[in-house]
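Come and read along with me.

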Amino acid sequence: MLLDACEHLASLAEGTSVTDVVFRRIQRLPKGRLFSRTLLADLGSPAAISRALSRLCVRGDLERIVRGVYMRPKLNRYIGRVRPGVEQLVRLVARRNGETLQIHGAEAVRRLRLSTQMQLVPTFYTSGRSRTVHLGAAVAHLRHVTPDKLQCAGSPAGIALIALHYIGKRGADDQVLSHLTAFLSDEDLAMLYRCRMPRWMRDFVRKGIHQN
């Protein structure tokens, strides 16, 4: 980023416009990958960056996906313009907002191979506010949950933790334990055991550690 800043100052000294500097930055990004305008914050004032992004969208060098989120257009010879996935958008928005994001309990259970049910509408747990994210006709739900359910987010231990919360004490049987220990390494089990959790869940995880 320091090199980018130096290049930016040199470009402005040569009379290069902010639009040209922004264009150089985005040319390094893969086509079809979403990015937030915060990626360009060091290249000029917010107003200058907004004008540059608008010009690049008009030129066809960029596509605005939602407010503050863009991508370099990507074309496929068979389907034409490639659209980003709504999950990709959700994760970018969460990173931009500094939110912790965790998959839903139903998806966690599926990843542990305890269910084959796919979510009809992608749903995630978040440290931010509950809301719905739209991407064209596609939608995803974000549900605010307590920090205890966001521990180890994005890791196998986090997936197992949220799956146990979703299954509950009555559903935590030997089949669940078998799938849990098959899914987690010894290190993952140890990480899971260190999480804050209800007493029944800790006893259940301890049983898995002793069986492994």
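This is a predicted model: local features need pLDDT of at least 70, side-chain atom pairs count only at pLDDT 80 or more; totals for chains, interfaces and linings use all residues.

Entry 1: I started with α4, which covers residues 86-97. Its 12 residues at 1.5 Å each should span 16 Å, and I found the end C-alpha atoms 17 Å apart, so the length agrees. Next I looked up which residues of α4 are buried: Val-86, Leu-89, Val-90, Leu-92, Val-93 and Ala-94. Just past the helix, Gly-98 has a positive phi of about 70°.

**Entry 2: two helices together.** How do α6 and α7 pack? I found an angle of about 175° between α6 (residues 156-171) and α7 (residues 174-183), with the axes 11 Å apart. Angles over 145 degrees count as roughly antiparallel, so that is what α6 is to α7. On the α6 side I noted Pro-156, Ile-159, Ala-160, Leu-164, Ile-167 and Gly-171, which meet Val-176, Leu-180 and Phe-183 of α7. I sorted these contact residues into 8 nonpolar, 1 polar and no charged.

**Entry 3: the cores.** The largest nonpolar core holds 26 residues, and Leu-164 and Leu-180 are among those with the most contacts inside it. Helices α5, α6, α7, α8 and α9 each give at least two residues to this core, and α6 gives the largest share, 7 residues. I then followed Leu-164 and saw that the residues it touches include Val-176, Leu-180, Trp-200 and Phe-204. A second, separate core has 16 residues, including Leu-89, Val-90 and Val-93, which I had already listed as buried in α4.

Key
Residues are numbered from 1 along each chain as its sequence is written. Side-chain values use heavy atoms; hydrogens and water are left out. Helices (H or I, at least four residues) and strands (E, at least two) are DSSP runs, numbered from the N terminus. The expected span of a helix is 1.5 Å times one less than its number of residues. Buried means under 20% relative accessible area, exposed over 50%, partly exposed in between (1.4 Å probe, protein chains only). Axes are lines fitted to C-alpha atoms, for helices over the stretch in contact, and angles run from 0 to 180 degrees between N-to-C directions. Angles under 35 degrees count as roughly parallel, over 145 as roughly antiparallel, 65 to 115 as roughly perpendicular and the rest as oblique. Contact means heavy atoms within 4.5 Å. Ala, Val, Leu, Ile, Met, Phe, Trp, Tyr, Cys and Pro count as nonpolar, Asp, Glu, Lys and Arg as charged, and the others, Gly among them, as polar. A nonpolar core is a set of buried Ala, Val, Leu, Ile, Met, Phe, Trp, Tyr and Cys residues joined through side-chain atoms within 4.5 Å. Lists of a residue's contacts leave out its neighbours within four places in sequence.
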